[in-house]
Amino acid sequence: MAQVDDLEASTTNDTVRRKPGMWQGWPRSSLLMVAAILFCLALALNLYRLGAPSIWFDEAFSVELARQPFPLLWHIIFGPEPNMELYYLFLHYWLGFTGWLGFNPTEFIVRFPSALFAALSTVAVFLLGRKFLGMTGGIVGAMLYLLNDLQLVYAQQTRSYSLQLLLICLAWYALLVAMTAEAHQKRWWIGYVVAMVLAVYVHLFSLLVLLAQVVAVAGLLLLPGGWREQARTRIVAFGVSLLAIGTLIIPMLLLSLQGAKTGWLPIPDLHAIVSLFITIGGQQRYYVIAFMACVALSITGVVISNWLPYTFGNNAVGRLFQSWRRWQSIVWVLLCWFLVPMMVSFVVSQGATRLFSSRYLVVILPPLFLLVGAGIMMLRWRVVQFTLALIVILLAVSVVPFYYRSAQVEDWQTTTHWLEQQYQTGDGLVCYDNAVEQGCQIATEYYLHAYPGKAHFTADAPGAFSWEKFGPATSAGPDEAVDPLALAAYGAKHPRLFFIVGRVPDAVAARRAQAAQQWLDSNYQFVDQIVTRTVTVRLYITR
């Protein structure tokens, strides 16, 4: 019978007598110290080089949208851009607060909340694991989570995913405690409703996590032993909670009916699932094999504990199999959290709505790594547990440097700083492509606002983007920026012209940009340029 963390491995009645574990005698202050250490370690990794990589378009979109006056922001997020609306509102007030303190919205400032939310979600993963798996399971799960490549990506980006992860972890914790605890149930149900509603308003993909919770509770009603009795006595409370959540998210659901905006995602095949796990493993196949083997061990252990214990009688092997039963309920819950969003998004993405993407499926990281912790906990000998945990964590550590070397997605920083250095009063700026999905001007303007100087876009720039119209400023659309007639009219008003090309969506747009550049080369004097993988900026004298 397992000797580690036995007393804290479950909060429910167990059919097997548990022996004292190595963490039983720890005072609450020491347990809080472990949580604090994990938080500080996660925050240190999240803050390391936080401001170094350039903002890329998605981040620039978040910041520039959040910068808009509140009435305009409200109109956009409850109109054409409903997803992540709660995050945009938070970011709006965060920028207002930091601006009041005198800070410009630099890369570090706008990314700091994500780093903080991600560190807090690490603590939530640890507390969830410790509550239902034991101290070792909680520490292993939290360590793998905070070291994970995909988690670090969104811990260092100005997007909603780290806040979503925090709220989802808190929602699961509140739900499971409400289903198993004897005291303060009403508080936990309220906490579950609040956390889950906020998660949906932070990102619509949280609806698939809500579906996973429904499947998990349905399974608990049928799964023998474990939490079945508690689930059956609290099914009404769960139903009332779902009704409250459904009622409170109706505005978001109605707005989401305007149509999916994920057509840029491909239709996934089975190879996409393999690629997802390779991405989670930071492109390190041995690490993927190691953590998936631990997940398989946790699943196998639960299956064996129900099928084989009595075959071996009351000997050591039989008692070991019986002891694994204490984890069957939590392993089932974690499997639902892990599998349902992935499977449902895969199936749905075979149609017009595409949801299967690593950025959305970041929500499966907490259950994945807690399942790893569960698999390690099922091993009999403490030295084996420690050795396997150490191997998996070291493999996770080995991936971290690769993340920091490839953290930059797009480089708008270098080109915009060059533009500001070259800019002279009266110069004109033209950006292509300025469609909402491409956002050449949006990304450039982020840096013009974060590091303010003289350079700015004028309202009459060809193909200019307008937040008030949430699209092109004129009916001519973004292609006006490559129209020779529009360029000639604009060039007549400015002694020099910067022609900026970035995030061109396809070959047709690329040919248009090339034709516009050839026209500029033929009609104006080329002065200088800067070229990166993302952006090209060319400077012309028009007179």
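## Surface, fold and cores

The accessible surface of the protein chain comes to about 22500 Å², and 65% of this area belongs to carbon and sulfur atoms; areas follow the Shrake-Rupley method with a 1.4 Å probe. The model is predicted: local features need pLDDT of at least 70 and side-chain atom pairs pLDDT 80 or more, whereas totals for chains, interfaces and linings use all residues. Numbering starts from 1 along each chain as its sequence is written, and side-chain values use heavy atoms, with hydrogens and water left out.

The protein chain holds 23 helices and six strands, taken as DSSP runs (helices H or I, at least four residues; strands E, at least two). Its radius of gyration is close to the globule-rule value for 543 residues, so the protein chain is as compact as a globular protein of that length. That radius is taken over C-alpha atoms, and the rule is 2.2 Å times the number of residues to the power 0.38.

| Quantity for the protein chain | Value |
|---|---|
| Radius of gyration | 27 Å |

Of the 543 residues, 57% count as buried, meaning under 20% relative accessible area. The largest nonpolar core has 164 residues, and Trp172, Tyr192, Ile280, Phe369 and Val372 have the most contacts inside it. Helix 8 (residues 161-180) gives the largest share of this core, 15 residues. A second, separate core of 17 residues includes Tyr432, Ala461, Phe499 and Tyr524. Such a core is a set of buried Ala, Val, Leu, Ile, Met, Phe, Trp, Tyr and Cys residues joined through side-chain atoms within 4.5 Å.

How values were computed. Buried means under 20% relative accessible area, exposed over 50%, partly exposed in between (1.4 Å probe, protein chains only).
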